[in-house]
Amino acid sequence: MSPWIRVRAPPACRYRFRVPFPPPATARHKRPTAAVGPVRSPFRSRDELEFTSGSVGWPLYHLALPVVVTTLLQTVYNLTDTFWVGRYGSPELAALTFSFPLVFLFVALGSGVSTAGRVLVAQYEGAGQGSRASFAAGQALVFSALAALVVAAIGIVGIAPLFRAMGAAPGTRDLALGYMQYILAGLPLLFLAYTFSALLQGYGDALTPLLVVLGSVLLNLVLDPLLIFGVGPVPRLGLEGAAIATLGSRGVAAVAGVGLLLSGRVEPSVRLGDLRPEPSFLGTVARVGVPASLETAAIAVSVTASLFIVGRFDAPVVAGFGIGERVTSLMFLPAVGVSASTITMVGQNLGAGEAARARRAARLAVAVPFVGLTAVGLVVVAFAEPIAGVFTTDPDVVAPAAEFLAVIGPAYGAEAAARVYSGVFRGGGRTDVAMVVTGTTFIPVRLGIALALTGPLGYGPTGVWLGYALSGVFGAGLGLVVARLLPWDEAIVDREDPED
C-alpha cells in the first residue's frame with residue numbers, strides 16, 4: 001500500500017491535500033512485546049497495548065486500572081476540602097456540604113461532555129486516520145470550553161434560588177455562594193481537564209492522564225491548608241481559599257493537558273488549526289457529547305434526589321445513607337474503569353472494521369464486573385455492620401448504614417453490568433441509547449420505587465435502599481435487551497476517505 005493517502009479536510013474547506021500518512025492501524029500498532037521479567041508493573045504504556053488484534057482481556061484490564069486510580073484521585077479533591085474546611089469552622093463546612101451536590105453535578109457534566117472526544121478519537125484511531133483523530137480532539141476541546149461557558153452562565157443565574165430551595169440558612173447561603181462563584185468561574189478549566197484525559201484514554205493512553213491528575217491532587221493538598229488558614233504573607237481566606245485551591249490545581253491540570261496535546265508529546269497531537277471551530281463537525285461532537293452529558297447528569301440528579309427523599313427521616317438515617325452511598329461508590333470504581341476502557345476497545349475495533357471483536361470485548365467487559373462485584377457485594381452483606389462501623393461508632397447510624405449495604409450488596413454486580421453497558425453503547429457512538437438506558441434506570445425507576453415504597457407502601461428508609469437494588473437489576477436487564485435488539489456495533493466515522 002502506498003504511504004500516501006488522501007485525507008478529507010473539514011467540510012468547510014474547499015480543497016484537498018496530500019500528506020504522508022503511517023500505515024494502517026493493524027500494522028502501525030504492532031510493536032515488540034516487552035520481555036517478561038520476574039516482576040512487571042500492572043500499568044502499561046500505550047506502546048505495549050494492542051487493541052484491534054490479540055487478546056481483548058488484557059487491554060481492557062490495563063486501560064481500566066489507571067482509570068480507576070484516576071477516578072479515585074478525583075475524589076481526593078472533595079475529601080481534602082472537607083478535611084481542612086471542617087477544621088476551619090462549622091458554618092463553612094455546612095456551606096461546603098450544600099455545595100457538594102452542585103459540584104458533583106458540574107463534574108458529571110464535564111465528564112459527559114468529554115465523552116464525544118473519547119469516542120471520536122477511538123474510532124478514528126482504530127480506522128488508522130490519525131489526522132482526523134487529531135482534528136476531532138481539537139474540536140472536542142473547543143466544544144468542551146463552549147459547553148462550560150453555557151453551564152457557568154446557567155449556574156450564575158440559578159444557583160442562588162437553588163440554595164434557597166435546598167433550605168440553606170442566609171449565612172450559610174452567602175458562604176456557599178461565595179464558594180460556588182469560584183467554581184463556576186473555573187468550569188472551563190474543569191471541563192478541559194476532563195476532556196484532556198478522555199482524549200488520551202480514547203487513543204489508548206491512560207497513564208499520562210493519571211500522572212497529570214496525580215500532580216494536580218498533590219498541588220491541591222498543599223494549597224488547601226495554605227489558602228484556608230493563611231501562612232506568612234498568604235492571607236487567611238477560609239472557604240474561599242478552598243475554592244481557589246481547587247480552581248488553581250484543576251487549572252494546572254487543564255493547562256498542562258492542553259499544552260501536552262499542542263506540543264506533540266502525546267497522541268492525539270493537536271495543531272492550532274484543529275482548534276478553529278468547524279460548525280458541521282462541532283455538530284457531530286454535540287450529537288455525541290450532549291446525550292453523554294445528560295446521562296451523567298441523570299446519575300448526579302438521582303443521588304441528590306435520593307438524599308431529598310432520605311432527608312424526610314431522622315438525622316441518623318441521613319448519616320447512614322451517606323456512609324452507605326460512599327462505600328457503594330468506592331465499590332463501583334472497578335466498573336467505572338471497565339466502562340471507560342470499554343469505550344476505547346469498542347470504539348477502536350469498530351473504527352478498524354472489527355465488529356465481531358468489539359462484540360467479544362463488550363461481552364467480556366460486562367461479564368467480569370458482574371461476577372466480580374456480585375461476589376464483593378455478598379462479602380459486603382456478610383460484614384455490613386463492621387464496614388459501617390469503620391465510619392462511625394454511633395449505633396443509631398450504624399444500623400441504617402448496615403441495612404443499606406445489606407439490601408443493595410447483592411445487586412452490586414447487576415448495577416456494575418448496567419454501567420458497563422453504557423460504555424459499550426458509548427463506544428459505538430450511541431450515546432443517545434446510553435442516555436435513555438441510564439436515565440430510565442436512575443430517575444423514573446430508582447426514584448419511582450423509592451417514592452412508592454417510602455410513601456404509600458410504608459417501607460420507610462428501606463424503600464430507598466430497595467430502590468437502589470431493584471433499579472440496578474432493572475438497568476442490567478434493560479442494557480442486555482437493548483444490546484441484543486438495537487444496532488450499536490457500527491462505526492459513526494468513515495473508515496476510508498472517498499476517492500476524488
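These legends accompany close-up views of a predicted model. Local features require pLDDT of at least 70 and side-chain atom pairs count only at pLDDT 80 or more, whereas totals for chains, interfaces and linings use all residues. Residues are numbered from 1 along each chain as its sequence is written, and side-chain values use heavy atoms, with hydrogens and water left out.

**View 1. Crossing of helix 4 and helix 9.** The axes of helix 4 (residues 130-165) and helix 9 (residues 279-310) come within 10 Å and cross at roughly 70 degrees, axes being lines fitted to C-alpha atoms over the stretch in contact, with angles from 0 to 180 degrees between N-to-C directions; helices are DSSP runs (H or I, at least four residues) numbered from the N terminus. Helix 4 is therefore roughly perpendicular to helix 9 (65 to 115 degrees). In contact (heavy atoms within 4.5 Å) are R132, F135, A136, Q139, A140, V142 and F143 of helix 4 with F281, L282, V285, A286 and V290 of helix 9.

**View 2. The largest nonpolar core.** Such a core is a set of buried Ala, Val, Leu, Ile, Met, Phe, Trp, Tyr and Cys residues joined through side-chain atoms within 4.5 Å, where buried means under 20% relative accessible area with a 1.4 Å probe, protein chains only. Among its 45 residues, F106, Y179, M180, L187 and F191 touch the most other members, and helix 3 (90-126) gives the largest share, 12 residues. Because domain 1 (55-277) and domain 2 (289-495) both contribute residues, this core lies between them; the domain bounds come from an automatic or database assignment.

**View 3. Surroundings of F106.** Leaving aside residues up to four places away in sequence, F106 touches V151, M180, I183, L184, L187, L190 and F191.

Notes
Helix = DSSP H or I, 4+ residues; strand = E, 2+ residues; numbered from the N terminus. Parallel < 35°, antiparallel > 145°, perpendicular 65-115°, else oblique. Buried < 20%, exposed > 50% of the residue type's maximum accessible area, 1.4 Å probe, protein only.
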